[in-house]
Amino acid sequence: MRSAAVASVLMLVAAGCGSKGEATNSAGKTGTLTVGASLSLTGSLAREGTLTKEGYEVCQDVVNSKGGVSVGGKKLTLQIQYQDDTSAPDTAGQLVDQFNDKGVRLILGPYGSATTASTAAVVERNGQVMVDSSGADDSIFTKGYKRTFAVLAPATEYAASMVQAIYDLANPRPRTLAFVSADDGFSKTATQGGVDKAKQLGFTVVDTEYVPNGTSDVSAALTKLKGKNPDVILGSAHLAEGVAIVKQSKELGVTPPGGFAETVAPPTPDFVQTLGPAANGVLGSTQWTVKTKGSDSWFGSAPDYAATFKAKFSGRDPEYHGAEATAACLVLVLGVQKAGSTDPDKVRDAIAGLDEQSFFGPLKFSPNGENLTKAMAVIQIQNGKPVTVWPKDSSEAAMTWPGTAS
Amino acid sequence: MARDGVMSQFLQATLYGLLQGGVFALVAVGFSLVWGVMNVVNLAHGAFVVAGAYVAFELHSWIGIDPFLAVPVVAAVLFAIGYLVQRYLVNLVINAPVFITLLLTFGLQLVIVNGMIMLFTANYRSIPTAYATTSLALPGDVRLPVGRLMAALLAVGLTLALGYLMRHTRVGLAILATGMDRGAARLMGIKAAHVYALTFGLAVAMAGVAGAAVGAIGTFSPADAGRFTVFSFVAAVLGGLGTMSGALYGGLLLGLAEAWGGQLLPGTLVNAVAFAVLVVVLAVRPQGLAGRSFYAARVEV
């Protein structure tokens, strides 16, 4: 009995370590297009990793229901293989290496900038091709990689788009802004972009405070901000920090007259669920909304995509994680079709030359792999739902200002 | 005016740090107890904290019980889980080298955390209450958050109660006796396997209660388990293993260190501050703030 217990422990540990598999893939011969995706299905990014997986699943379903990917007169069934990287960047890199050993050369990105950065290096070395669905940190694209393409607007746009929206729409326009930023690469880059934009538009940035990534206690930063009386607090943060900023501001009596704006937290359903009425009025930035312009032959327009997603996931509305994942998968499918081959070098060249419209907006890549033509949208939580308020020509509702009034 | 601002900022940080420290103490007290009595470093401790938060969350969403009123139920459920885990799992390897119990509890934490992800998804949750984010305004523009005050009072009360239980009841004395010298305790008619399971059950119940408090004042998800284990480790070692007051001092010191460190240093160094305090305390007082030497001189039979 005791030895059985010890053995089961060792099994668990061994399962976590993983080992290199043997090459068994036979893509092309059997009429399947095998694509690999290392995703954070457990660990700290499990929530977002699962949302990303849903987007890939929608893509696989739609592509296969429309007959599959045509390559050289053959129709290939899209088959996405998933591995769990436990939210650890090192593991994500190893898994992509394992995909390569098995002959899987086309890769869909993991969730988040840290894991994407580590897999991008592996993809480059192995000569694989990756379409990145969620790694927005600009630093990934400054290393001269030729084989990683991101469908999303870069990190510098996340806070900058909200600053621009406040400048365009807020009346009375606030004067002073303060930033609370998580300390991971993506959030810091987003903060830098926001601070630069704010200075360029004539706002005064009274303070920028950094907090540990993933913390649920931002009280120290808020206590420091309080005396500087910013008109708006901008959070460059993920969900845990984003919720903490709003919650703890209330506890600590930090009441910026213009309210709060936070990058990626507000568009996620959990933000409203955890904060309740306190979420109302908070601004957020998003890569995709149902108002995003453009359409393509696989998924149609943004509302068509929303309908497809809803039908698959029992009436749940899509949000941007799923949409950007589907868009990444779409880029890979378009690349393979255009190349007429599953050879990674040919697919890479085809993707580099893409210039397409889609339900996700324009898909066109700069030489370093960023989708610079892609704009972001700004949402505001109104009556417990995120609605698009900026850019104005594709908005669902007027921005409520100040956000604290609602 | 500027000086008032600095003063109020300092007082606010201190108050918040003390309240936070009270919660750390409640998180850590069970961890310290298990380590002190059984020499088991329970790496699954944080997972039990999160499990307690989920029990409170489910009670709230099913029948609308306030998380603080749900504390007895949470404690009972988690006690039962803890008792069974120790009796039928950890006891199997209790005599093995510490490395084996480390591996076992590490594995246990993986199983519990991923079990919770399957059951409850990895979504961030919070138990909504009307009062949790309200605060009382004190003189000098200092705020006293109501939810955190309740959590800290509960934490300190329970930690003191556990300390009383250990020193003044037969059960508590049996636990201490078994921790000091298992062989002698057995000769006195104490069933070590049962006492160990009771100890673990108590520890897990405290962890669960801490989870309910955390659920009411903050957010939680299965991924937070590791963070709670680290807090427990630091607070328990700071205070001294196995003593209930030690976990309390350790938790409060950790809370204060984080709050003051956050004011004086860039915010991202907060975690480094906690460990720096640990290093300093261990260098100056290796047994911890309230530690006694008899745990080190234990007899293992």
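Modeller: Chain A holds twelve helices and 17 strands. These are DSSP runs, numbered from the N terminus: helices are H or I with at least four residues, strands E with at least two. The model is predicted: local features need pLDDT of at least 70, side-chain atom pairs count only at pLDDT 80 or more, and totals for chains, interfaces and linings use all residues. Residues are numbered from 1 along each chain as its sequence is written, with chains lettered from A and ligands numbered from 1 in the order written.

Colleague: What is the radius of gyration of chain A?

Modeller: It is 22 Å, close to the 22 Å that the globule rule gives for 406 residues, so chain A is as compact as a globular protein of that length. The radius is taken over C-alpha atoms; the rule is 2.2 Å times the number of residues to the power 0.38.

Colleague: How do I read a helix pair, and at what angle do α2 and α10 of chain A pack?

Modeller: Two packed helices are described by the angle between their axes and the distance between the axes. Here α2 (46-65) and α10 (302-312) of chain A pack at about 100 degrees, axes 11 Å apart. That makes α2(A) roughly perpendicular to α10(A) (65 to 115 degrees). V58(A), D61(A) and V62(A) of α2(A) meet T308(A), F309(A) and K312(A) of α10(A). Contact means C-beta atoms, placed from the backbone, within 7 Å.

Colleague: How many residues of chain A are in contact with chain B?

Modeller: 38 residues of chain A contact 38 of chain B. On the chain A side, elements giving two or more residues include α1 (2-17), α2 and β8 (204-211).

How values were computed. Axes are lines fitted to C-alpha atoms, for helices over the stretch in contact, and angles run from 0 to 180 degrees between N-to-C directions. Angles under 35 degrees count as roughly parallel, over 145 as roughly antiparallel, 65 to 115 as roughly perpendicular and the rest as oblique. Two residues are in contact if their C-beta atoms, placed from the backbone, lie within 7 Å.
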